[in-house]
Amino acid sequence: MEALKGIRVLDMTHVQAGPTCSQLLAWMGADVIKLESPVGDATRGQLRDVPNADSLYFTMLNCNKRSIVVNMKSPQGKEVFVELLKRSDILMENFGPGVLDRFGFSWEAVHAINPRVILGSIKGFGSSGPYADFKAYENVAQAMGGAMSTTGIPEGPPYVTGAQIGDTGTGLHLAIGLLAALQQRHRTGEGQYVEVAMMDGVMNLCRVKWRDHQRLSRQTLTEYSVPTEGLKATPRAGNDSGGGQLGNAVKCSPGGPNDYLYVVVQEAVWDALARRVGPELGHPELATDPRFHKIADRRKNQNEMWHLLDQFGSNYTKRELMAILNDLDVPCGPIMSTEDLANDEHVRGRQMYVELDHPLRGKWYNVGMRIKLSASPAQVRRSPLLGEHTEEILKEVLGWSDAEIAAKRAAGAFSAPAKASGAQ
């Protein structure tokens, strides 16, 4: 983990979008200091599955970080924050609109304190425009970024996708921006403000749908299995591939909810595929059937083609069908459930589902590092307990003595103010 060694990130983010980004930077070797309020990140207790232990929601997004508790509502706590800021390369936040400003740390103030620091900010809709003050969540971003309107089937409601493209997708976009800002700082010595809006991130991930949106003004979308004549917006089209080659999920045995194989029928493989499928279905002439002979024919009659492939696939499990089609060089892949993936040899072999140990929750698993760096492979470590590294950070980063730390502690820099006692 040497790629970002020497880079210190002061991480004020919470929930999912920001922590996705900062965890990735930590896996690349950055020293990520998670600055938390005395009550901690809200997700520590959200959807908790082990009593009195941090939730999987928190632990899976905050590996390899150090935690310090700072009371940003106290003058002493703000003093600690300023000293940490002076010694950091990146400051990250994903507060609601105006929150950081109300703490007294606008971008202008942050830049004045440390001109080299880069401020990475995640907002639902950015800091400009009529939506700037709106709050956003994962599914709100999917709705407003174009993903939901193109997910599902035309006669049904729009659907959110199971992939967290609003939160995690935005975090990945921010990581790219921060790395670019670090590179520019190498040349200029100056930090800058880096902003990613969740809505903008979702729009980018839907770029194929924007391609089709513009094509609609000039042509019908013949690769879609639904009519597109006269449409002004990219439609929902179920499991259509959305590309130049036809693709769909083929039913397999024994017919469970995930017993499907996604198959892409390229022009180059149709002949071999048809010669394998046709005889078994009583259609030995399938390879020369004029309904499917050329790709334009298959596009026009694709629902009939998929019906035949469903019949064929129903005789095999998804793994058996995958083996048959791989031998024919047909691009395909089984619909993998979370259980499938958790026990998959390929996934485990690539360390994409790694076992960790936590002092309070015990053994658990996290999704591993998806970016493989040959000279600096990631070592995934557990998430920190709330405030676990407070004194360590104050001594190591700020160089404070025990007496200085004790004085700040007594002044309330690291804890919530005591509640006034009621009348006796």
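This report looks at one helix pair and a few backbone spots in a predicted model.

## Ground rules

Local features need pLDDT of at least 70 and side-chain atom pairs 80 or more, while totals for chains, interfaces and linings use all residues. Residues are numbered from 1 along each chain as its sequence is written, and side-chain values use heavy atoms, leaving out hydrogens and water.

Let's start with helix 10 (residues 270-280) and helix 12 (residues 302-313), which pack at an angle of about 60° with axes 10 Å apart. That makes the pair oblique (under 35 degrees is roughly parallel, over 145 roughly antiparallel, 65 to 115 roughly perpendicular, and the rest oblique). Helices here are DSSP runs of H or I with at least four residues, and strands are E runs of at least two, numbered from the N terminus.

Which residues of helix 10 and helix 12 make the contact (heavy atoms within 4.5 Å)? Helix 10 brings Trp270, Leu273, Arg276, Val277 and Glu280, and helix 12 brings Met305, Leu309 and Phe312.

Most residues other than glycine have a negative phi, and most peptide bonds are trans. Now for some exceptions. The bond from Ser253 to Pro254 is cis, with omega near 5°, and Pro254 sits in the loop between strand 7 (246-251) and strand 8 (260-265).

Asn64 has a positive phi, near 65°, and lies in the loop between helix 2 (56-59) and strand 3 (66-69). Asp329 also has phi near 65°, in the loop between helix 13 (318-327) and strand 9 (332-334).

Is Asn64 buried or exposed? Asn64 is buried, at 5% relative accessible area, whereas Asp329 is exposed at 60% (buried is under 20%, exposed over 50%, partly exposed in between, using a 1.4 Å probe and protein chains only).

Technical notes. Axes are lines fitted to C-alpha atoms, for helices over the stretch in contact, and angles run from 0 to 180 degrees between N-to-C directions. Contact means heavy atoms within 4.5 Å.
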